[in-house]
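Take a look at the sequence and the model below. We will walk through the side chains step by step.

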Amino acid sequence: MTMLHYRDCPGCGVRLLMSEEQPDSRYNASPECWQLYGELTAYTVTRGDVAFMHQHAVDTYGAQHAGEQARPITVAFALIGLYLACEQDYSGKKVQHMHMLLARRTKTWPPFTPPALRGSLTVLDVLRAPPGEQRDHMLRQWRQSVWDAWSQEHARVRALLESVMRD
Ligand SMILES: [Zn+2]
């Protein structure tokens, strides 16, 4: 009988059956979680929806897996994306456009301190929901739970966005 081994993702904490893959130090994610993220983005990219849900998947995963290796711009963009989506009701398309405007305005982004807990939902919960409206709904829940987990940095995210757009 073979023993089954599980591995916890250092970013989101999801426990998945361990594969042969070795962790990649560039990502604060287990290889198994990264694999699921690949499945989710393959799904969101090929949907071709006008609202562009894909952007929310990228920002949510990025914020949930922000680690020491992450570039400040990656984390800042993920958090700004979550702020605009969760609190300003931006579509993925509008968030993408805002990221483009922001990238033109400055090249220096401050670091943010990740919370110890990164929300109760993971990419696995999203993939378990059937494709279509139910999966979109779960993706929004996941997005909200990650944004809520970052509450200690909400004020700084808002202030950063305002100051970059004002300068
Ligand atoms: Zn993970």
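Is Arg15 buried, partly exposed or exposed? Arg15 is exposed, because its relative accessible area is 56%. The words have cut-offs: buried means under 20% relative accessible area, exposed means over 50%, and partly exposed is in between, with a 1.4 Å probe and protein chains only. Before going on, note that this is a predicted model, where local features need pLDDT of at least 70, side-chain atom pairs count only at pLDDT 80 or more, and totals for chains, interfaces and linings use all residues. Residues are numbered from 1 along each chain as its sequence is written, and side-chain values use heavy atoms, leaving out hydrogens and water.

Stay with Arg15. It forms a salt bridge with Asp8, and the closest N and O atoms are 2.7 Å apart. A salt bridge here is a side-chain nitrogen of Lys or Arg within 4 Å of a carboxyl oxygen of Asp or Glu. The general idea is simple: side chains of opposite charge can pair when their charged atoms come close. Asp8 is partly exposed, at 38% relative accessibility. By this rule the count comes to 7 salt bridges.

Here are two others. Asp24 and Arg26 meet through their side chains at 2.8 Å, N to O, in a salt bridge. Asp24 is partly exposed at 27%, while Arg26 is exposed at 56%. Glu153 and Arg156 also form a salt bridge, at 3.0 Å from N to O. Glu153 is buried, with a relative accessible area of 5%.

Now turn to the aromatic rings. Rings of Phe, Tyr and Trp (for Trp, the six-membered ring) pair if their centres lie within 6.5 Å; planes under 30 degrees apart count as stacked, over 60 as edge-to-face and the rest as tilted. A search of the whole structure finds 6 aromatic pairs. One of them joins Tyr27 and Trp34: their ring centres are 3.9 Å apart and their planes are at 15 degrees, so the pair is stacked. Tyr27 is partly exposed at 29%, and Trp34 is partly exposed at 34%. Another pair is Phe77 with Trp109, where the centres are 5.1 Å apart and the planes at 85 degrees, so this one is edge-to-face. Where do Phe77 and Trp109 lie? Phe77 is in helix H3 (residues 72–88) and Trp109 is in the loop between helix H4 (92–105) and helix H5 (123–128), so the pair ties together parts that are 32 residues apart in sequence. Helices (H or I, at least four residues) and strands (E, at least two) are DSSP runs, numbered from the N terminus. Phe77 counts as buried at 13%, and Trp109 counts as buried at 8%. Tyr27 and Trp34 belong to one aromatic cluster with Tyr37 and Tyr61.

Rings can also sit under charges. The rule asks for NZ of Lys or CZ of Arg within 6 Å of the ring centre and within 35 degrees of the ring normal. The charged end of Lys93 sits over the ring of Phe52, 5.4 Å from its centre. Arg135 lies over the face of Tyr43, 4.5 Å from the ring centre.

Phe52 has a positive phi of about 60 degrees, although it is not a glycine. Most residues other than glycine have a negative phi. Asp89 also has a positive phi of about 60 degrees and is not a glycine. Asp89 is in the loop between H3 and H4. It counts as exposed, at 67% relative accessibility.

What about the cysteines? A disulfide is a covalent bond between the sulfur atoms of two cysteines. The test used here is a pair of cysteine sulfur atoms within 2.5 Å. How many disulfides does a search of the whole structure find? The search finds 0. The sulfur of Cys86 has its closest cysteine sulfur in Cys12, at 17 Å, which is too far for a bond. Cys12 is buried, with a relative accessible area of 10%.

Finish at Arg105. Arg105 is in helix H4 and is partly exposed at 42%. Arg105 and Arg166 are 61 residues apart along the chain, and their C-alpha atoms are separated by 9.8 Å.
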